[in-house]
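Subject: Structure handover

Hello,

Here is the structure I promised you. Please open it and keep it beside this email while you read.

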Amino acid sequence: MQLMPAKEKIGFGGGCHWCTEAVFSVLKGVHTVTQGFLSSTGEAISFSEGVLVEFDPSTLPLKDLIRIHLHTHSSNSDHPLRNKYRSAVYTFSEAQATKAEELLGELKAAMKGKVITMVVPLRKFRASPPAYQDYYAKDPQRPFCQKYIQPKLQELSESFPDQVSKEHMGQ
């Protein structure tokens, strides 16, 4: 009997959910990425663009996911659109939140500049309509994809070559 890999789920927000979806979709160990709108509590109660990521932590540890997240969006920029593009890690349990806070603290210490990414509990999720799911994969030649997503994927491939699935990158 073959055992199925363990799966965990976590949410990420930071930039456009089309970009965030494309970034996480090409990583080894990621099973599914669903883009949409996430909300939490307190200052993060309003819906913000983001993704839910189902992954295998034995292939892609949470620390690597958070590190990639910090490097693929403006995690140190407190710009005027932060309500729409909240820089956050959305957790599903207190244990996951504690682990994410610890890992984020380690990563922040190693980064230059102020990191504004927060760890918050996921309270609600609304998926984007099916027509927008897999936005980049459905048509990477769209002008938006070429201008915004393709450069992120190129940078991701260069900065995190061991985590990127060449199969999903079309290489």
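Below is what was found, from the whole chain down to one residue.

First, the ground rules. This is a predicted model, where local features need pLDDT of at least 70, side-chain atom pairs count only at pLDDT 80 or more, and totals for chains, interfaces and linings use all residues. Residues are numbered from 1 along each chain as its sequence is written, and side-chain values use heavy atoms, with hydrogens and water left out.

**The whole chain**

The protein chain has six helices and six strands. Both are DSSP runs numbered from the N terminus: helices are H or I with at least four residues, strands are E with at least two. Along the sequence the pattern reads β-α-β-β-α-β-α-β-β-α-α-α. The C-alpha trace spans about 45 × 40 × 35 Å along its principal axes.

Of the 171 residues, 47% are buried. Buried means under 20% relative accessible area, exposed over 50%, and partly exposed in between (1.4 Å probe, protein chains only). Now take contacts (heavy atoms within 4.5 Å). Among those between residues at least 6 apart in sequence, 76% join residues at least 24 apart.

**Helix H1**

Eight of the nine residues of H1 are buried, so H1 is largely enclosed by the rest of the structure. Among them are Trp 18, Cys 19, Ala 22 and Phe 24. The buried residues of H1 pack against strands S1 (8-13), S2 (30-39) and S3 (48-55), and against helices H2, H4 (135-138) and H5 (143-159).

The axes of H1 and H5 come within 10 Å and cross at roughly 35°. Axes are lines fitted to C-alpha atoms, for helices over the stretch in contact, and angles run from 0 to 180 degrees between N-to-C directions. The crossing of H1 and H5 is right-handed. Right-handed means the near helix is turned clockwise from the far one by less than a right angle; anticlockwise is left-handed. From H1, Trp 18, Cys 19, Ala 22 and Val 23 meet residues of H5 including Phe 144, Tyr 148 and Leu 156. This contact of H1 with H5 has nine nonpolar, no polar and one charged residues. Ala, Val, Leu, Ile, Met, Phe, Trp, Tyr, Cys and Pro count as nonpolar, Asp, Glu, Lys and Arg as charged, and the others, Gly among them, as polar.

Phe 24 sits in helix H1 (residues 17-25). Phe 24 counts as buried because its relative accessibility is 0%. Leaving out residues up to four places away in sequence, Phe 24 touches Phe 12, Val 30, Val 33, Val 51, Val 53, Leu 65 and His 69.

**Helix H2**

Seven of the 10 residues of H2 are buried, so H2 is also largely enclosed by the rest of the structure. Leu 65 and His 69 are among the buried ones. The axes of H2 (residues 62-71) and H3 (residues 94-110) come within 10 Å and cross at roughly 55°. The crossing of H2 and H3 is right-handed. The residues of this contact divide into seven nonpolar, no polar and four charged.

Best wishes
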